[in-house]
Amino acid sequence: MKIELFLNKIKKEWLVKLICLVLACFTYFFYQMSTLDTKTIVIPLEISSNGGMLPVEYHQSQVKVSFKGKQDDLANISSKDISASLNIDYYSKSGKYDIPVQLNLSPNLLVMEPLEVNVIPSIVSLEIDSRAYAQIPVQPSIQGEPLEGYNVEEIKVVPSTVGITGAELLISSVPYLTTETINVEGKKDSFTLKTSVIKNNNMISFTDETSVSVEVSIEPIQVTRSFNGHALYLNGLNPAFEAKIIPETIDFSLAGSNITLNKYIPELYTARVDCSSIEAIGEYTLPVLFSIPQGTRLVSQSVSAVNLIVSEVTDDILTEDTQEDNLQLPFAQE
């Protein structure tokens with residue numbers, strides 16, 4: 001009987017009662033929300049990629065996360081309780097996509113009630129491409145100039161290539177990698193050093209060891225210098241003979257280091273004819289011999305042999321100067 005009476009009371013003017021109930025709930029909810037505080041923190045935005053796709057461009061590195069809840073609860077929230085990521089494992093084709101930002105909340109936040117969480121921005125536009133691998137040549141980065149008269153002849157990098165991985169569009173745009181700067185200022189000796197390969201794009205990763213050995217070969221600058229009209233020296237001619245030489249002078253060229261040849265002056269016996277075998281008057285054809293500085297080489301000469309017309313000395317008295325002119329002289333190099 002009591003239950004029936006209760007139901008009849010509810011049914012009486014039920015619409016008005018329902019409206020009052022809704023208004024009461026709304027008023028309670030509004031009061032509860034008006035008493036909540038807000039808190040905003042900035043956290044890193046990571047890329048989640050365990051498949052075959054990788055980002056081509058730099059993405060937004062941070063997002064803002066706003067919390068609305070009780071003041072005591074908000075005070076305990078820190079950046080360690082939440083992470084944000086863009087999951088590109090859902091995509092299998094290259095292109096540009098609007099990817100939603102995913103939030104991962106710690107268990108501490110899940111038990112807070114009430115708690116409203118929002119992220120700005122909630123969607124990030126990102127271009128992605130297939131993952132690729134490549135072996136890229138390494139070029140040394142050289143700075144400075146060697147000592148005057150010297151030149152860097154050769155640079156060798158071991159290993160000559162380094163493996164990298166990243167989005168295919170990025171990998172295909174990397175023609176080479178460079179090392180840290182190697183200074184050769186004022187050096188004249190070859191040397192070898194260990195250095196590292198520089199990564200200019202953080203969206204590309206190395207798959208190999210980035211330490212390389214660089215061998216720098218420094219040598220004297222090689223030049224060719226010409227000497228024209230140099231007199232031919234008759235070496236070892238018997239003092240009883242005199243000779244007419246055809247031709248009397250010779251042109252020749254030497255190749256060697258710039259340091260050596262810049263200060264080199266040919267001596268009297270640099271280009272000579274060995275006359276020690278002449279024992280009688282007559283005509284002879286003899287080769288031209290050279291004494292040149294060590295480390296140089298003869299690259300050209302205007303004649304390789306000369307003609308001699310040998311006759312007896314008409315003067316019965318040989319002067320002291322004539323004797324000195326026919327002395328045997330030592331030679332540095334032939």
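Biologist: Which residue lies over the face of Phe191, and at what distance from the ring centre?

Modeller: A charge is taken to sit over a ring if NZ of Lys or CZ of Arg is within 6 Å of the ring centre and within 35 degrees of the ring normal. Here Lys187 lies over the face of Phe191, 5.2 Å from the ring centre. This is a predicted model, in which local features need pLDDT of at least 70 and side-chain atom pairs count only at pLDDT 80 or more, while totals for chains, interfaces and linings use all residues. Residues are numbered from 1 along each chain as its sequence is written, and side-chain values use heavy atoms, with hydrogens and water left out.

Biologist: How many helices and strands are in the chain?

Modeller: Helices (H or I, at least four residues) and strands (E, at least two) are DSSP runs, numbered from the N terminus. The chain has seven helices and 22 strands.

Biologist: What share of the chain counts as buried?

Modeller: Buried means under 20% relative accessible area, exposed over 50%, and partly exposed in between, with a 1.4 Å probe and protein chains only. Of the 334 residues, 30% count as buried. Asp274, placed in strand S19 (residues 271-274), is partly exposed because its relative accessible area is 34%.

Biologist: Which residues is Asp274 in contact with, leaving aside its neighbours within four places in sequence?

Modeller: Contact means heavy atoms within 4.5 Å. With those neighbours set aside, Asp274 touches Asn235, Leu286 and Leu289. Over the chain, 73% of the contacts between residues at least 6 apart in sequence join residues at least 24 apart.

Biologist: Which residues have the most contacts inside the largest nonpolar core?

Modeller: A nonpolar core is a set of buried Ala, Val, Leu, Ile, Met, Phe, Trp, Tyr and Cys residues joined through side-chain atoms within 4.5 Å. The largest one has 24 residues, and Ile164 and Leu177 have the most contacts inside it. Among the elements that give two or more residues to this core are strand S8 (123-143), helix H5 (168-171) and strand S14 (211-220). S14 gives the most, with four residues. Leaving aside neighbours within four places in sequence, the contacts of Leu177 include Ile136, Val162, Ile164 and Phe206.

Biologist: In what order do the strands of the open sheet with S14 run?

Modeller: Two strands pair if DSSP finds at least two bridges between them. The order is S9-S14-S12, with antiparallel pairing. S9 and strand S12 (191-196) are the edge strands, each pairing on one side only. Six bridges join S12 and S14, and Ser196 has Ser211 in S14 as its bridge partner.

Biologist: How is a pair of aromatic rings described?

Modeller: The description uses the distance of the centres and the angle of the planes. Rings of Phe, Tyr and Trp (its six-membered ring) pair if their centres lie within 6.5 Å; planes under 30 degrees apart count as stacked, over 60 as edge-to-face and the rest as tilted. The count by this rule is four aromatic pairs. Phe227 and Phe252 are stacked, at 5.2 Å centre to centre and 25° between the planes. Phe227 is in strand S15 (residues 222-231) and Phe252 in strand S18 (residues 249-257), 25 residues apart. Both are buried. Ring pairs link Phe227, Phe252, Tyr264 and Phe290 into a cluster.
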